[in-house]
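Have the structure open while you read.

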Amino acid sequence: MEKTTLYLTKELQVELRALARRRGRPQAELIRDAVAEYVARAERPWPRSIGIARSGAVPASEAKRWVHAEWDREDAERRRTPRPG
């Protein structure tokens, strides 16, 4: 566990202290639980790479077939093109 410093308003500190007494738990534990819950609910943005190639040309359900077809086409072109030298 790592230590951090947290600044609270006087009113919030008073309420936190009272809540900790009522629940019989340390203030730090209440804060950790609250922060963990907040972080778990926080919206996570999609990775920027998702949707980057969305052109509508190749639906996801056809991607594997398209890749293989492209590889086959490129391979056939390489075989037809004479190499210099």
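## A buried glutamine

Let's start with Gln-13, which is buried at a relative accessible area of 19%. That label is a close call, because buried means under 20% relative accessible area. Keep in mind that this is a predicted model.

Gln-13 sits in helix H1. Which residues does Gln-13 contact, once its neighbours within four places in sequence are set aside? They are Leu-8 and Gln-27.

## The positive patch

Helix H1 covers residues 10-23, and Arg-21 has its place there too. Is Arg-21 buried or exposed? With a relative accessible area of 60%, Arg-21 is exposed, since anything over 50% gets that label.

Arg-21 also belongs to a surface patch of positive charge, where it gathers with Lys-10, Arg-17, Arg-22 and Arg-23.

Side chains of opposite charge can pair when their charged atoms come close. How many salt bridges are there in this model? The count comes to three.

Arg-25 takes part in a salt bridge with Asp-33, at 2.1 Å from N to O. Arg-25 also meets Glu-29 in a salt bridge, this one at 2.7 Å, N to O. Put together, Arg-25, Glu-29 and Asp-33 form a linked network of salt bridges.

How accessible are the members of this network? Arg-25 is partly exposed, with a relative accessible area of 24%. Glu-29 is partly exposed as well, at 28%, and Asp-33 gets that label at 40%.

## A pair within helix H2

There is also a salt bridge between the side chains of Arg-41 and Glu-37, with an N to O distance of 3.8 Å. The pair makes the list because the cut-off is 4 Å.

Where do these two residues lie? Both are in helix H2, which runs over residues 27-41. Arg-41 and Glu-37 are four residues apart, about one turn of the helix.

Arg-41 counts as exposed at 62% relative accessibility, whereas Glu-37 counts as partly exposed at 48%.

Conventions
Residues are numbered from 1 along each chain as its sequence is written. This is a predicted model: local features need pLDDT of at least 70, side-chain atom pairs count only at pLDDT 80 or more; totals for chains, interfaces and linings use all residues. Side-chain values use heavy atoms; hydrogens and water are left out. Patches are made of residues with over 30% relative accessible area and no salt bridge: like charges are joined within 9 Å, nonpolar side chains (Val, Leu, Ile, Met, Phe, Trp, Tyr) within 5 Å. Accessible areas come from the Shrake-Rupley method with a 1.4 Å probe; for residues, only the protein chains shown count as cover. Lys and Arg count as positive and Asp and Glu as negative; His and the chain ends are not counted. The place of a charge is taken as NZ of Lys, CZ of Arg, CG of Asp or CD of Glu. Buried means under 20% relative accessible area, exposed over 50%, partly exposed in between (1.4 Å probe, protein chains only). Contact means heavy atoms within 4.5 Å.
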